[in-house]
Amino acid sequence: MQYKVRFVYPDRAYFNLKKELDEAYFDVMSRGELIDREHLQRFEDNLAKFVGTKYAVGLNSGYDALHISLRAAGVGRGDEVIVPAHTFVATCSAVVNVGATPILVDVGKDFNIDVNKIESAITKRTKAIIPVHLNGYMSDMVRIMQIAKNHNLIVIEDACQSLGATMFDDKSLTRKKAGAWGLTGCWSFYPFKILGAYGDGGAITTDDPEIALFAKRMRFNGEDRKTGEYHGHGFTCLLDNLQAAFLNIKLKYLPKWIEKRREIAEKYRNAFLDIKDLALPHYDDPRRDHVYQNYVVRSKQGDEFSDYLKKNGVEVLVQFRKPYYKHEALNLEDRGFPETEALSREVCSLPMNPELTDEEVDYVINVVRSFYGK
Ligand SMILES: *Cc1c(COP(=O)(O)O)cnc(C)c1O
């Protein structure tokens with residue numbers, strides 16, 4: 001189907017930065033700088049600066065960031081890790097793959113873990129919690145850090161969808177970025193994330209030098225590249241130097257792109273305010289801001305709504321109609337998560353990217369309004 005408005009425009013994004021990206025490609029290729037070279041180092045420095053942590057370590061994916069973080073934290077067999085019932089499956093799979101048991105907790109109206117339901121999920125075996133900052137909006141990290149402190153839990157932030165999002169921290173009296181609160185922040189540079197590479201990519205950010213060192217070794221099969229010593233059985237999960245070169249260029253533009261996303265979000269908000277059957281992703285917490293990685297509305301009409309948009313030329317995503325814990329092969333316990341169940345029937349992500357034209361945003365608005373007879 002030929003959509004009038006596509007969900008993403010990687011081609012437009014490329015042409016907007018063609019000169020710089022082509023130069024970076026030429027630089028990397030002509031000098032043969034492929035593995036663990038200066039572009040990677042530079043990107044890590046810039047990412048750490050952007051997030052506000054001491055270190056950033058480039059990895060192959062967001063999944064690897066979660067996996068390495070759990071290993072660095074010593075999470076393994078016999079441990080329980082709290083994860084949200086509504087997230088991308090990788091959050092949970094990383095826990096299972098280190099041998100620990102994921103304990104699912106329902107989410108709230110903002111799609112993030114319901115902080116009021118965390119404490120009843122804590123047992124003697126609970127070792128860590130992975131809050132996910134979904135869609136570009138942070139979990140309530142002030143509450144989560146407090147709960148973690150009270151129960152002596154490690155916090156690993158799945159910030160894969162929220163690069164640039166902030167929350168006001170009443171301890172430091174500053175707005176702190178997602179990924180700067182927990183032991184690590186985990187990042188994905190999958191092409192359609194808010195900062196996307198041209199293939200898979202990821203990173204962790206951390207203030208802990210031991211964790212950064214562990215990750216640097218583990219991404220090279222446990223090897224310390226300076227001494228040649230193996231410090232454990234590791235993995236092959238390094239962020240490619242070429243991807244780092246591209247990401248370094250794109251990171252400069254991220255603040256501008258976030259601004260553009262917020263403008264589009266405001267347009268959507270103003271255009272849909274009068275539609276009672278549509279819940280919009282605008283929340284009344286002045287401590288937190290939204291970077292709109294995704295603009296996810298909840299329509300009471302579910303598939304009828306999303307199918308209508310697609311039929312009328314608007315490409316939308318419905319993540320996720322089937323919650324991950326309901327997939328039989330994953331062997332997870334469905335303890336009943338009413339909010340996740342309800343939102344799974346209703347979610348619909350509207351086109352949201354900085355390459356959208358005003359006409360395209362208006363087109364989306366008109367199709368949504370016409371569905372509701374407006
Ligand atoms: C994208 C994503 C991941 C995994 O990232 P990959 O780079 O695809 O491995 C994990 N968690 C969340 C919330 C994500 O959105």
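Predicted model: local features only at pLDDT ≥ 70, side-chain atom pairs only at ≥ 80, totals over all residues.
Local features are reported at pLDDT of at least 70 and side-chain atom pairs only at pLDDT 80 or more, whereas totals for chains, interfaces and linings use all residues. Residues are numbered from 1 along each chain as its sequence is written, and side-chain values use heavy atoms, with hydrogens and water left out. The structure holds 32 salt bridges, a salt bridge being a side-chain nitrogen of Lys or Arg within 4 Å of a carboxyl oxygen of Asp or Glu.

- Glu 20 and Lys 252 form a salt bridge in which the closest N and O atoms are 2.6 Å apart.
- This pair links distant parts of the chain, with Glu 20 in helix α2 and Lys 252 in helix α8 (residues 241-272), 232 residues apart; helices here are DSSP runs of H or I with at least four residues, numbered from the N terminus.
- Glu 20 counts as partly exposed at 24% relative accessibility, while Lys 252 is exposed with a relative accessible area of 54% (buried means under 20%, exposed over 50% and partly exposed in between, with a 1.4 Å probe and protein chains only).

- Glu 266 and Arg 269 meet through their side chains in a salt bridge, at 3.5 Å from N to O.
- These two residues are separated by about one helical turn, because Glu 266 and Arg 269 are 3 residues apart in helix α8.
- Glu 266 is partly exposed at a relative accessible area of 34%, and Arg 269 is partly exposed at 30%.

- Lys 326 forms a salt bridge with Glu 341, and the closest N and O atoms are 2.9 Å apart.
- Lys 326 lies in the loop between α9 (302-311) and α10 (338-346) and Glu 341 in helix α10, so the pair ties together parts that are 15 residues apart in sequence.

**Salt-bridge network**

**Nonpolar surface patch**
- Tyr 25, Phe 26, Met 29, Leu 34 and Ile 35 form a nonpolar patch on the surface, with about 520 Å² of accessible area together; areas come from the Shrake-Rupley method with a 1.4 Å probe, and for residues only the protein chains shown count as cover.
- Patches are made of residues with over 30% relative accessible area and no salt bridge, nonpolar side chains (Val, Leu, Ile, Met, Phe, Trp, Tyr) being joined within 5 Å and like charges within 9 Å.
- Phe 26 lies in helix α2 (residues 18-31) and is exposed, with a relative accessible area of 59%.
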